[in-house]
Amino acid sequence: MRDHLDVLRTGDPVAEGTTRYGRGLASIPTQALLSVILPIVTAVIALVVWEILVTRSGIAESILPPPTAVLSKLINFFELILTHGIPTTLETFVAFGISIPLGIVLAAIMVYSRPINQALYANLIFFQLIPKIALAPLFIVWLGIGAEARIAFSIFICFFPILISTVTGLQAVDRDMLRLCQSVQASDWQILFHIRFPYSLPFIFAGMKVAVTLAIIGVVVGEFIASTKGLGYLILFASSRQQTDLGLAAITVLCGVGLSFYGLVVLGEIVMKKFYEIQ
Amino acid sequence: MAQNIKIDSQSSLGFDQDAYIVCRQVHKVYNANGKPLEAVRSVDFSVGDGEFVSLLGPSGCGKSTLLMMIGGLESITDGEIFAGGKPVTKPRREFGMMFQDPTLLPWKSALDNVMFPIDMMRLPRSRYLDRALELLETIGLGGFEKSKPRELSGGMRQRVAICRALISDPRVLLMDEPFSALDAMTRDEMNILLLGLWQTYKKTAIFVTHSIREAVLLSDRVLVMCDRPSTIISDTKIPFSRPRDIRLGETHEFNEICAMLLGKITAARTNGDGEPPGEIVVGGAQS
């Protein structure tokens with residue numbers, strides 16, 4: 001038995017395996033490169049086709065401007081777009097930042113209190129089915145046209161996915177794992193922090209990925225309805241004056257904001273998975 | 001008061017005087033979608049202090065449920081379970097548990113997994129650290145303290161789980177098919193290891209298994225449990241002296257006992273309602 005273990009310790013079969021594998025399948029780096037290059041090439045081709053079709057067919061720029069026109073607008077009006085981009089970004093950040101603890105804490109309460117769970121769960125699912133966007137004007141009525149209304153509305157539509165997936169995650173812990181905790185007389189708090197919470201992190205991040213896009217939607221819809229700044233306002237303003245190129249430039253920046261937020265969540269997920277050794 | 005009555009009645013029922021764990025008319029009925037489902041029916045047995053007893057039976061015969069009730073992790077529908085003279089109502093520190101799955105935390109090192117009960121019970125880490133390292137060394141995991149479960153084989157993970165069950169020096173070890181998820185060779189290795197550990201630490205142990213050979217090799221007594229009804233149908237003393245080793249499995253006497261136990265299980269099952277038998281392993285503990 002000892003010998004067997006020593007072999008395991010010194011032989012390092014894992015490292016050997018990788019080199020052999022790597023040599024045999026030399027095309028793997030090429031594969032990885034292709035998975036990055038191919039989508040970019042596709043996007044570039046689409047943009048080029050768009051550019052050619054629009055310029056050749058003589059569609060009015062106010063209907064559909066070519067990508068180059070959008071790009072030049074983006075460069076020329078960068079300062080203006082940035083002024084509108086900042087409040088949108090900040091409001092999204094605040095709304096998303098509040099939604100995460102709100103969703104997680106409410107989920108923990110629901111998992112630990114059966115009556116609260118029974119009282120809330122069915123109603124929450126029902127709420128999920130409401131087209132929540134329809135309630136946006138009411139938030140303006142209740143909270144005015146300031147940032148509070150947009151942030152509140154954004155939280156309202158984006159914390160549900162976090163809540164629901166956290167509830168699922170907290171309940172998905174292996175039964176024997178929970179029995180082990182009970183047998184070593186772990187308290188409910190200890191089980192929550194040491195077991196349930198780490199095990200539900202993949203679920204929480206899955207919910208956050210959905211929530212982060214909804215958070216931006218919430219803020220932009222709020223800006224559409226009543227606002228004097230923000231990218232949503234800028235898009236609405238540009239469209240009403242048939243400045244489609246400016247509208248598209250603002251949308252481009254909005255995409256960038258959305259991607260950055262999504263990237264942050266993915267980054268957080270990678271760090272978490274590394275720390276908790278979750279594959 | 002009730003406790004005294006129970007202890008008095010024990011002797012009249014012929015229970016071992018120095019029994020540490022006593023089950024008296026234990027019943028367990030589950031509520032399965034509104035219908036009562038009987039998991040354990042009138043189970044009576046006792047386990048002596050320092051005795052190694054196996055609960056042997058096919059899958060789904062209620063032996064794990066019974067073990068969980070003894071460990072205070074499942075409620076008892078009717079009857080009583082005593083450990084050290086006191087009724088078991090909730091988990092106790094004197095119980096060390098092992099499950100089919102090692103149930104290690106993937107983000108903790110082997111050492112921290114062994115220390116998990118100490119951390120949860122809020123006992124001083126420094127007092128148990130040496131013991132943890134010693135246990136890992138004894139069990140053949142010296143040098144793997146810092147390894148994460150991902151880096152360990154299935155057998156090594158289950159060894160970490162053994163150390164974790166022993167870290168707080170429990171009086172009773174409750175094991176729920178701890179080796180049934182391992183391959184046959186690793187399982188033999190773990191059986192030898194457990195024999196050695198039991199020789200050293202002399203814990204009262206209840207071991208749930210569906211392998212006849214494993215039960216006979218490890219135990220002082222084998223209790224056969226059957227389904228429909230889920231109750232104990234036989235109590236067999238295993239006469240072999242200790243220390244034992246794996247070669248015991250090659251002796252004629254050993255195989256006779258195994259054949260006798262298999263006969264009892266088969267007889268009980270054919271007397272039942274003729275449902276197809278569950279999983280029962282006849283081989284397994286052979287090298």
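Start by selecting α5(A) and α12(A): the two helices are roughly parallel to each other, because angles under 35 degrees count as roughly parallel. Before going on, note that this is a predicted model, in which local features need pLDDT of at least 70, side-chain atom pairs count only at pLDDT 80 or more, and totals for chains, interfaces and linings use all residues. Residues are numbered from 1 along each chain as its sequence is written, and chains are lettered from A and ligands numbered from 1 in the order in which they are written.

Helices here are DSSP runs (H or I, at least four residues), numbered from the N terminus. Helix α5 covers residues 78–112 of chain A, and its axis comes within 11 Å of that of α12(A), crossing at roughly 30°. Axes are lines fitted to C-alpha atoms over the stretch in contact, with angles from 0 to 180 degrees between N-to-C directions.

Now display the side chains. On α5(A), I81(A), H84(A) and F96(A) are among the residues that meet α12(A), whose partners include A249(A), V253(A) and F261(A). Contact means C-beta atoms, placed from the backbone, within 7 Å.

Next, select α8 (residues 147–171) of chain A with α10(A): their axes come within 7 Å and cross at roughly 160°. That makes α8(A) roughly antiparallel to α10(A), a term for angles over 145 degrees.

Finally, show both chains. Here 21 residues of chain A are in contact with 20 residues of chain B. On the side of chain A that touches chain B, α1 (2–11), α9 (175–183), α10 (188–225) and α12 (244–276) each supply at least two residues. The largest share, seven residues, comes from α9(A).

Conventions
Two residues are in contact if their C-beta atoms, placed from the backbone, lie within 7 Å. Angles under 35 degrees count as roughly parallel, over 145 as roughly antiparallel, 65 to 115 as roughly perpendicular and the rest as oblique.
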